[in-house]
Amino acid sequence: MTITMRSVASKQTNGKIKRLSTEELAELMVPATARTPEEKDAALKRATTGLRAKVRVTRDMYRPR
Amino acid sequence: MRPTGERRPVPRGVFAIEDQQLLLPDPIALDTSFVVEALLTTQPLHPACSAFLKRIFDSGVAVVTSDLLAIELAESAFAIALKERWGGRWRGHRTDGRSRRPATWRLNDTVTRYEALLSPVNHLPIPVRRVTADARVLMADYGIASYDAVHAASAIAAGAEAIVTLDTGFALLPANQLMMYTDRSRLTSCRPKRPH
């Protein structure tokens with residue numbers, strides 16, 4: 001069983017980073033479409049199997065330092 | 001065997017994704033480096049990252065990403081195809097039509113898999129424009145690189161307490177801003193970088 005914990009809404013960020021409001025987060029949220037364990041397993045398999053590369057992917061291939 | 005009295009390392013908000021006791025905050029943020037490793041079976045940390053992804057799915061926590069992630073993922077797919085064809089000279093062949101076709105095919109395949117990856121979770125994609133000013137604050141305060149700052153600011157703005165990443169650059173942020181979930185081989189290099 002996986003244990004989860006709720007974020008503490010009042011976590012400090014030196015007052016500098018603006019937290020998005022509950023309404024803003026609700027507006028951005030894209031709900032899950034795969035909900036059953038079978039659908040989740042199928043999605044995981046589709047995402048994480050079969051994609052191969054002949055080269056090793058390194059950070060400099062997608063993000064400048 | 002550990003000598004008696006030896007101190008255990010201070011975590012400083014950096015934890016290993018291989019640790020089965022690791023708590024998953026809700027929401028949790030993902031960085032591109034983790035997603036690349038989870039998607040590509042040929043990457044060295046694919047087993048650990050895909051296993052952690054399964055833990056995220058099973059737990060039901062929401063996932064935060066910056067919109068930048070999808071762009072970086074597309075860029076990595078494009079770069080793979082070019083590098084496979086041209087090796088070290090790949091950067092000079094972006095506009096070559098013969099190279100772009102397989103690159104585009106790989107890009108589309110990768111994006112489809114990324115969409116599959118997100119389908120079991122409630123997803124919070126954070127637009128870059130919502131965190132531009134916050135990213136600047138993180139850069140100014142901690143010296144974190146710009147693209148890392150966008151991912152970190154997105155996580156913090158959405159209320160994520162941890163970001164899953166294989167990028168040691170995030171260790172420049174203090175632990176009270178954002179915890180780092182990374183693979184265990186990076187723990188010893190990340191923890192000393194954390195500011196007090």
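Helices (H or I, at least four residues) and strands (E, at least two) are DSSP runs, numbered from the N terminus. The views below show a predicted model, in which local features need pLDDT of at least 70 and side-chain atom pairs count only at pLDDT 80 or more, while totals for chains, interfaces and linings use all residues. Residues are numbered from 1 along each chain as its sequence is written, and chains are lettered from A and ligands numbered from 1 in the order in which they are written.

**View 1. B:Pro25 lies in strand E2 of chain B.** Strand E2 covers residues 24-26. B:Pro25 counts as buried because it has 21 C-beta neighbours inside 10 Å; a residue is buried if 20 or more other C-beta atoms, placed from the backbone, lie within 10 Å of its own, exposed if 12 or fewer, and partly exposed in between.

**View 2. Helix H3 of chain B spans residues 67-86.** From its first C-alpha to its last, this helix of 20 residues reaches 29 Å, close to the 28 Å expected at 1.5 Å a residue, where the expected span is 1.5 Å times one less than the number of residues. Among the buried residues of H3(B) are B:Leu69, B:Leu73, B:Phe78 and B:Ile80. The cover over the buried residues of H3(B) includes strand E3 (28-30), helix H1 (32-39), strand E4 (63-66), helix H4 (97-118) and helix H6 (146-157) of chain B. After H3(B) comes B:Gly87, which has a positive phi, near 60 degrees.

**View 3. The largest nonpolar core holds 77 residues.** Such a core is a set of buried Ala, Val, Leu, Ile, Met, Phe, Trp, Tyr and Cys residues joined through C-beta atoms within 7 Å. The residues with the most contacts inside the largest core are B:Ile28, B:Ala152, B:Ala153, B:Ala162, B:Ile163 and B:Val164. H3(B) gives the most to this core, with 9 residues.

**View 4. The surroundings of B:Ala152 include B:Ile163.** Two residues are in contact if their C-beta atoms, placed from the backbone, lie within 7 Å. When neighbours within four places in sequence are left aside, B:Ala152 is in contact with B:Leu138, B:Ile144, B:Ile163, B:Phe170, B:Leu173 and B:Leu178. In chain B as a whole, residues 24 or more positions apart account for 65% of the contacts with a separation of 6 or more.
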